[in-house]
Amino acid sequence: MAASVGVTPESSNAREENYYHYLTFLWNCASAVPSVGIMVILLFCIIIKKHSKRESNFFWKKKTENYRNIEAFLKNCGSLSPKRYAYSDIKKITNSFKTKLGQGGFGCVFKGKLENDSLVAVKVLKGLKGNGEDFINEVATISRTCHVNIVTLLGFCFEGRHKALIYEFMPNGSLDKFILDGGSSTYRQLGWEVMYQISVGIARGLEYLHRGCNTRILHFDIKPHNILLNEDFCPKISDFGLAKLCPQKESIISLTGARGTAGYIAPEVFCRNFGGVSHKSDVYSYGMMVLEMVGGRKNISVEVDRTSEIYFPHWVYKRLELDEDLKLHGIMDGEANASARKMIIVGLWCIQTDPSNRPSISRVVEMLEGSIESLQIPPKPYLSSPSRAPVDSSTTHVMTL
């Protein structure tokens, strides 16, 4: 990131201190010589006004520059850009933000309806992060996609401080409601066949992002919260705020910092000693998510204390290796057991520490759709997920465009 024009916080603080000493000196002079009191007060007002104006100009100049950059980007998108809506349209679509569907660090999501009576989800963003990278990423990447397992962006709003994204409505919400029982009244267990089909659908969506577009799209935030389910439980990948575009021919990309959500970030993303960052980084996140789908819980159990944390991938690997009963909820027949074992084996291959040992997402689809007999048990993943941090679903945004 290029250095911003203006003073550093340290120089700003020093200047504040200088102003303080200068004004104190003038005030003491005014007290000693009352006849110049009015003149000192006038000087005091002029100095304060100039100082606040300079700081205000810097703030607004920076903010205006960010908005100009986004406007230029939207203009360059041309026909690729989805429909643009005014903020008044957003209020009308959401019935003045009557029904809230969810809330996160980005802002809030509201239920809405277009003029053709189509239901939509309106994601209202709060503020601009950095130079507006999240907003640009979302519009830039998702406007290039068209796939049954990728959520459709129908429009957006960028009007002053108001920013919103309009998506197709997903009546069953996000996947985490069905695999992570956090005591929510909305939680319910899905059958193994449905869960298996969801895992295949997500893999197909990722395959499209990695191979089906003219420009490869790396998502960098695959997790249950970002998988939406329609009325038929067809999964759709959403939230492209951290995505990165890269040419198809390039296998390794450059990042200046980690991005993603703790507990799903591939080792090489936060430490380059493990290998280069590539499409295999999404494969790792996918594997961690699939193992959560199988276990019906976070990969690290929050019910146990720090000294005896149970890392689910290691626990399930041991049972798989010894050919023991997986003791998974809802396993009633051989078909369900085969689906669960497939998901476990594929998930364990996906979370291999060395990126070169992970399958491509195309290979993942083949493995899931092939026979259980053709799958080999992978080496045991020797790197566990960072302790405790993954329990939170917050996202670490370190943007590099």
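A salt bridge, as the term is used in this talk, is a side-chain nitrogen of Lys or Arg within 4 Å of a carboxyl oxygen of Asp or Glu. By that definition, K123, E138 and D239 are linked in a network of salt bridges, and a search of the whole structure finds six salt bridges.

Before I continue, a word on the source. The model is predicted, so local features need pLDDT of at least 70 and side-chain atom pairs count only at pLDDT 80 or more, while totals for chains, interfaces and linings use all residues. Residues are numbered from 1 along each chain as its sequence is written, and side-chain values use heavy atoms, with hydrogens and water left out.

E138 and K123 form a salt bridge through their side chains, at 3.7 Å from N to O. This pair links distant parts of the chain, 15 residues apart: E138 belongs to helix α4 (residues 133–142) and K123 to strand β4 (residues 119–125). Helices (H or I, at least four residues) and strands (E, at least two) are DSSP runs, numbered from the N terminus. Both residues are buried; buried means under 20% relative accessible area, exposed over 50%, and partly exposed in between, with a 1.4 Å probe and protein chains only.

The next salt bridge joins the side chains of E268 and R358, at 2.8 Å from N to O. E268 is in helix α7 (residues 267–270) and R358 is in the loop between α10 (334–350) and α11 (361–369), so the pair ties together parts that are 90 residues apart in sequence. E268 counts as buried because its relative accessibility is 0%. R358 is buried too, at a relative accessible area of 3%.

Where do E366 and R363 lie? Both are in helix α11, three residues apart, about one turn of the helix. E366 counts as partly exposed because its relative accessibility is 48%, and R363 is partly exposed at a relative accessible area of 38%.

I close with a proline. P171 sits in the loop between β6 (162–168) and α5 (176–179). With a relative accessible area of 41%, P171 is partly exposed. Which residues does P171 contact, leaving aside its neighbours within four places in sequence? They are L229, N230 and E231, where contact means heavy atoms within 4.5 Å. P171 and E231 are 60 residues apart in sequence, yet 5.7 Å apart in space, C-alpha to C-alpha.
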